[in-house]
Amino acid sequence: MKKSNYSYIGIAFIILVFGIIFIPKIVDRITNQDVVRQESRSDFADDKKSTDSGLAFIEINGVPKKVPPFSFTNQNGETITNKNYEGKVYVIEFFFTTCPTICPRMNRNLVQIQNTFKAFEDFGVASFTINPEHDTSGVLKAYAEQYDITNPNWHLMTGDKDAIYKLANEGFNLYTAEEESVAGGFEHSGNFALIDKNGFIRSRKDDFGNPIIYYNGITSEEEKVDDDGSLEEISALKEDIKKLLNE
């Protein structure tokens with residue numbers, strides 16, 4: 001027999017031995033799902049999909065709108081800035097403690113939301129008074145106690161009036177004005193703004209695919225519809241807060 005024939009026989013023998021020893025082991029690993037080559041491609045994609053809230057970014061000229069820098073004093077006399085809310089999902093409102101109309105309704109709704117998310121350390125509320133001359137830290141603290149505001153990330157803030165009005169009207173486009181002819185002497189929006197963990201303003205979309213931008217903060221879940229025909233959006237806000245907390 002030629003030498004080359006011995007080489008072919010040797011190679012064939014090695015292949016046969018490899019098949020007898022290793023192929024059953026590979027089959028067994030596949031059967032027991034030890035070999036999961038696809039996990040780096042599919043599992044992470046599923047994770048990303050599951051954490052995508054689907055909520056819209058509010059854009060101005062194609063740029064996602066972010067909370068402007070601010071610095072005010074809260075009900076405990078502490079300086080609070082936008083940086084205190086980094087890494088947190090939070091709701092923004094503008095109000096004043098002597099408001100005889102919509103503010104009590106808004107804050108009762110916010111307290112309900114507070115209680116819904118009391119187990120979440122990364123949820124908060126930012127309330128800015130539009131009557132800072134009256135609403136000192138002491139007044140705000142009493143107001144917080146009256147409404148049973150207990151979330152440590154719920155800051156009721158006071159400070160420079162011009163800075164607060166600029167934040168409301170330009171920073172959030174939430175109308176605020178001093179108006180002696182109306183009850184309480186001030187006018188302001190009854191809407192809430194929803195902010196994600198990175199400081200961007202977010203909202204769900206309407207039936208036409210457009211962002212609703214803000215959430216009606218006046219009508220309660222129990223009311224369903226108020227006297228003006230405005231539907232409640234507190235339940236939607238709760239759903240969207242949960243989505244952003246998981247994002």
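Accessible areas here come from the Shrake-Rupley method with a 1.4 Å probe, and for residues only the protein chains shown count as cover. On that basis, the protein chain has an accessible surface of about 14,400 Å², with 53% of it belonging to carbon and sulfur atoms.

Please keep in mind that this is a predicted model: local features need pLDDT of at least 70, side-chain atom pairs count only at pLDDT 80 or more, and totals for chains, interfaces and linings use all residues. Residues are numbered from 1 along each chain as its sequence is written, and side-chain values use heavy atoms, leaving out hydrogens and water.

**Confidence**

pLDDT is the predictor's confidence in each residue, from 0 to 100. The protein chain averages 86, and 79% of its residues score at least 70.

| Stretch | pLDDT | Contacts (heavy atoms within 4.5 Å) |
|---|---|---|
| Residues 1-27 | under 50 | 4 beyond four places in sequence |

Where pLDDT is low, the predicted coordinates should not be read in detail.

**Helix α4**

Helices (H or I, at least four residues) and strands (E, at least two) are DSSP runs, numbered from the N terminus; the protein chain has 6 helices and 13 strands. In helix α4 (residues 137-146), Ser137, Leu140, Tyr143 and Ala144 are buried, meaning under 20% relative accessible area, whereas exposed means over 50% and partly exposed lies in between (1.4 Å probe, protein chains only). Seen down the axis of α4, these buried residues fall within an arc of 120°, so they line one face of the helix; the arc is that of the directions from the helix axis to the C-beta atoms. They pack against β4 (71-73), β6 (89-95), α3 (103-116) and β8. Glu145 and Gln146 are exposed on the other side of α4.
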